[in-house]
Amino acid sequence: MKIDGVFSGGGIKGFALIGAYEEIESRGLQFVRVAGTSAGSIVAALIAAGYTSKELYQLMDELDLTQLLDPRKLVIPFPFAKWLLVYWKLGLYKGNELEKWLKEKLEAKGLRTFSDLPPDALRVIASDLSNGQMVVLPNDLPKFGISPGSFSIAKAIRMSCSVPYFFEPVRLRSMDGVNILVDGGVLSNFPMWLFDQENVQKMRPVLGIKLSVSDYEHEKHKIKNGIQLFGALFETMKDAHDSRYISKKHVKNIIFIPAEGVFLTEFHLTEEKKRRLIDVGREHAKNFLDKWCY
């Protein structure tokens, strides 16, 4: 059966999405249109490119995550010099290696720009900090004076994955100057609303895969110091838009995967943790699909 899919952000926790995809694929379900944010945009793009779950496993087995961390060379060699990069470059790592890896894997399947895909086959979310707006790629590119079909898919995914202060933001030139774009999770970490707009009849079932517990089971934030305050602030900001949208009506079409014990930017992930994440994704997808009524 053909379905549409939405993949949430979650940084390194995104390995769990691969396990979920394996179970979905084993049920004979095929994605026609996909959307995602951050880590979810990577998985969505690779699925749109035609990668099977087995091929995704192989890609991730071959990938050394630390090779995606590409810091700039420091002229001043003292311990805290790298934090100057946050001030001047707005991020610890350039993000070029991530884009290079994505470009290579997409081109292996014949994808370079959005024109290589059917209309609306892939959409990803980024956040335009310069204008304070959510950006749906490639749909919103004309606002920047850019033809959607000509835009690099790898560049769009890099935008969606540019975690603030961790990866340098992408600077997108437009008719109004330079715009700063970062991780789509800042404004919408789970864009299931893309396939459920008012007055638009669904063409096929929409399945969401979200890297968290159900919003109705969310634990109360513990805020006793400044660091916990910042964490709660960022998480609230990240989930606020989507939590308002997701109702009990939509929960029945969402696989919730509580990927605990892994940090968003844990790029030195052990093989054991990687396998555990994949297993958790597969397990929760299986439990959900055994009862899913579409």
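Mentor: A nonpolar core here is a set of buried Ala, Val, Leu, Ile, Met, Phe, Trp, Tyr and Cys residues joined through side-chain atoms within 4.5 Å. Buried means under 20% relative accessible area, exposed over 50%, partly exposed in between (1.4 Å probe, protein chains only). This is a predicted model, where local features need pLDDT of at least 70, side-chain atom pairs count only at pLDDT 80 or more, and totals for chains, interfaces and linings use all residues. Residues are numbered from 1 along each chain as its sequence is written, and side-chain values use heavy atoms, with hydrogens and water left out.
Trainee: Which residues touch the most other members of the largest nonpolar core?
Mentor: Phe-7, Phe-15, Ile-24, Trp-101, Leu-122, Leu-207 and Ile-209, out of 76 residues. Helix H1 (residues 15-26) gives the most to this core, 7 residues. Helices are DSSP runs of H or I, at least four residues, numbered from the N terminus.
Trainee: And what does the second core include?
Mentor: That separate core has 12 residues, among them Ala-35, Val-136, Val-206 and Ile-254.
Trainee: Switching topic, how many residues of H2 are buried?
Mentor: 9 of the 10 in helix H2 (residues 39-48), so it's mostly covered. Ile-42, Val-43 and Leu-46 are among the buried ones.
Trainee: What comes just after H2?
Mentor: Gly-50, with a positive phi of about 105°.

Methods. Helix = DSSP H or I, 4+ residues; strand = E, 2+ residues; numbered from the N terminus.
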